[in-house]
Amino acid sequence: MAEGKRLAPIPGPRGLPLLGNLFDVNSELPISSQLQFADTYGEIFQLNFPTINIVFADGIPRPPSLCTRALVHELCDESRFEKSVGGPVEEVRHAVHDGLFTARSLGSGEMEPNWGVAHRILMPDFGPLLIQGMFAEMHEARHGPAEAIMVSEDFTRLTLDTLALCSMNFRFNSYYHGNLHPFINAMNEFLVESGNRFPRPAVANNVIFRQATNKFWSDIQTMRETVQAVVRSRKEDAGSARRDLLSAMLDGVDPKTGGKLSDDSIIDNLITFLIAGHETTSGMLSFAFYQLIKHREAYRRAQEEVDDLLSTGPIRAEHMNKLPYLSAVLRETLRLNPTIPIISLRARKDDVIGGKYAISKDQIVLAFLAKTHLDPRVFGETASEFDPERMLDASFERRNKEFPDNWKPFGNGMRACIGRAFAWQEPLLVMAMLLQSFNFVLHDPDYVLQIKQTLTIKPKGFHMRAVIRNGLTPTELEHRLSGQAATIDSESAASRAEANNGDRGGARQEALKPLSIYYGSNSGTCESLAQRLAADAPSHGFAVTGVDALDAANQNLAKDQPVVIITASYEGLPPSNAALFCGWLASLEGSELDGLSYAVYGCGHHDRTQTFHRVPKLVDTTIRARGGSRILGVDVFWPAMRVKYGAAETAHGEATHGEATYGEATHGEGQLASALPVHFSAPRSSTLRQDVREAAVVSTKTLTGPGGAPKRYLEIQMPDGMAYRAGDYLAVLPVNLKESIDRALQQFQLARDAYITIEADRQTTVPTNSSVPVYDLRGYYVELAQPATKRGIPALHEAALHEAAKQQLQALAGPLYTSETAAKRVSILDLLHWFPSVDLSFSSVLALLLPMRVRQYSISSSPLWDAQRTTLTYSVLEEPALADPQNRQHVGVASSYLASLAPGDKMRVSVRLSHTAFHLPSDVDKTPTVCICAGAGIAPFRGFMQERAVQVAAGRNLAPALLFFGCRGPSSDDLYRDELDKWQAMGAVDVRRAYSRVNLGDGSGSAVGEACRCRYVDDRLWHDRVDLMELWDRGAKVFVCGSRGMGERVKKVFVKMLSLERQDQIPGDAGSGPGSSQEQRALKWFESIRNERYATEVFD
């Protein structure tokens, strides 16, 4: 209790009269609203509903007086709090009554009688040794499809089949029938309806939702009758020696009372095991594979541990205790994604928690594990990141001693999960078997985790693809998994490729030679180039056996056919779908790739000198060092392939099998791309892109005054279920300018209402085999303004009818390419306009155009402001076209598209995660924030400060935040001035400005004074270095957003400040050596802390 101490009110959102916070919570995904409230209000918050008062505690003690004991640790004191059964679980009681999971407390530590009997009888049967006795059944139940597509759904089938087999020797056989067993359908619909019934009044369930209620009771009857039949069958088989949970319940005697479980209680608890066990374990497996696929170093380590332990042999029960890293992966998964994110407790008496929050007797208190597991006091600044290292046995045990109750995914005390040992062995077994036999990649490389919530949480819409490892065929793998000796098939490389990749061309490709193509790509450029190369392959005598992400080639590079790799670097690191492959390459030590023929092509920007082509070069040199043989250089790929493999070009027109946007790889070698057969028609239909979803424009406005590049604001209603964090990106799929589309149509004298049909028998990025408007094709699917490529211009050269045009085009593709073509953004349309003698068909020009790509913009809002809406802050690019400055403007495709949108318009978007370092500190109460930007670079920091303003308004005391902002002047582009002034008055931010277009000469005027005579943001940093270094000493995180030039100037000033003002912080060995200056040492140390305390987001 807190005698003599002043009690504090529990904060929370203000509700409506009578209805309270009923409409403040997302009914489909309550956890999303609860997380938002926790971020807003801090350590504790309260929600009020018409019939209940709920307190959430996130366990992060803010005031110093709470540092000795976290709130959730108090809630886990069973002398003060006991488990509460309510909400949807109360509805589940209709099916399982007083089962182990749903039994009520009777007070004074007593439970309903049947709970005690079942608990005492079953506790010995959930011990580790007896659980290991179920290993054979677990192993047998694992058979599923060779590749998992719908992850959560397939793991749900797997865990349910395993539980049924191990607990009562019953087979649902979910993988072997087209229709699910009636029990499974009934259970799934029962659980959904349990969640739906909870918030509704009883009269509504019985009257308005009578049909759903009748189905609810019918589903309960189906479940109970199914299990009752199993119990009856076992009792009739009196001579059965089988030992499982059902036999334990039938034969067991309560050591306390001498009683046995009734048949009804046995049925209650068997259904309880199936409901509770399969949901939590399938969710844990789904989240674990998501985390591993997204964190490739952890994936590599987990698979390496499995390989070292098992090699290619069968997995056995004794292996389960020899997988420490895999166990750490599961612990870390449950920390970040607890499948039961909330523990509901009830106060035994009037109490005070945290020394100041009053709790009444019988009041419900929720331990919000989804936040307590992210406590930065326990897990540090990386609390929100996936790091299995922190969950290895020694660290895990040390942290539990230092911070009791910091990890509670299995519940608390005597009501904790009785089946924990079972729930741990099953996912360990599944993960070990799958990692031993398969490599996994995301089906959608851009997938961002979404949550589906019922009684538990699971990933929503998560799909992954399985690639068989070690060159095995499905038949060989089946033999190995079933424990049989693997019979080595005598399949050829071509037949194996067909087995793994499917038929990619049928009889027409029988005479073609196999070729594999892999790409590493975040933005899609390298993937487009890979598809383009694949489309061209048949015309040179090659059949592409697969075009896939580089991670699909992990441990799986074929040596019996040439391999082409196209990849980029991202700040010197591999693309997200190539990290596992690169990690595998780095682990090779001998001549493992001897006999591999390969070619590596790189994408990158020359301005990024320190990291330019780092990953392509690394891949190339590593493969070569490990025995691989280069095919040849970049400009003569197909001739080199024909010389080395003897593949002849097919007759003109036979090699199409491609698509309109792919077919350019022959250009530069004196040939035109193979023309695709096209047919113009009248029907109106269109194919839409699937990698982005529809959003709606809410409002728009111009943020700047006259003069200079206009900057605009766009507010967007997000698609349902699409979540973001302040600092993330919004990917926008734009539409080409009307002027560009008209220009393209005029080039071929096509009417606006013309239609086109593109014939293709492979996956493409344009609509095929259906009639679509040419206007849509040119507007939505291809890039019209991108500079022509070195491989595209020679196609025009080949088609030019005049020698003068040929010579000029040859120069534009050669010595003049950088200065005249790329620098001046000369497009294919420009060249066709300049050289009318070029005679190319519509389909050939279409083959030269890159597919439309998304553009990424920093989100300039916080979900704490509105989780369903985002805003963008962007500059509109419009300047004289360098290719034709007298007659045409160069207008940014995406920015002009955004500027054309009006409220109510629809657009296609998706959220892309920013670097983990580019988010507000996890402990905003203690860690200061410094943001540095210029112009539209303020976008992410507006989101940061908006989030802080919401938190301050909710009563939180935050660490200081400085915002250094450079712009032209107060009257032109001092963006969000009114908002920032308001937030500064609240104490959410302290803004320091620099004005580049204000006359500072006479030193007069408020603008000059406000900018402290600083023209640029780096000037202001130096001017305010004392304040900046004070926050740095307090552990501040620094964020920079703006142009590359601004970023370099800020970096230079920052290094200078550290070298002069904080020499004592620079390690003695940083940059040591002859001639090393203090600033050089500071620079080396500064580079070592990038993305820890100094994060950048720069653009060209």
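Me: How many aromatic pairs does the count come to?
Reply: The count comes to 24 aromatic pairs, where rings of Phe, Tyr and Trp (its six-membered ring) pair if their centres lie within 6.5 Å, and planes under 30 degrees apart are stacked, over 60 edge-to-face and the rest tilted. One of them is the edge-to-face pair of Y713 and Y976, at 6.4 Å centre to centre with 70° between the planes. This is a predicted model, in which local features need pLDDT of at least 70 and side-chain atom pairs count only at pLDDT 80 or more, while totals for chains, interfaces and linings use all residues. Residues are numbered from 1 along each chain as its sequence is written, and side-chain values use heavy atoms, leaving out hydrogens and water.

Me: Y713 and Y976, buried or exposed?
Reply: Y713 is buried at 7% relative accessible area, and Y976 is buried at 9% (buried is under 20%, exposed over 50%, partly exposed in between, with a 1.4 Å probe and protein chains only).

Me: And what is the geometry of F944 and F1039?
Reply: F944 and F1039 form an edge-to-face pair, 5.2 Å centre to centre and 75° between the planes. F944 is buried, with 0% relative accessibility, and F1039 is likewise buried at 0%.

Me: Changing topic, which residues form one aromatic cluster?
Reply: F155, F289, F438 and F440 form one cluster.

Me: Which residue lies over the face of F379?
Reply: R335 does, at 4.5 Å from the ring centre; the criterion is NZ of Lys or CZ of Arg within 6 Å of the ring centre and within 35 degrees of the ring normal.
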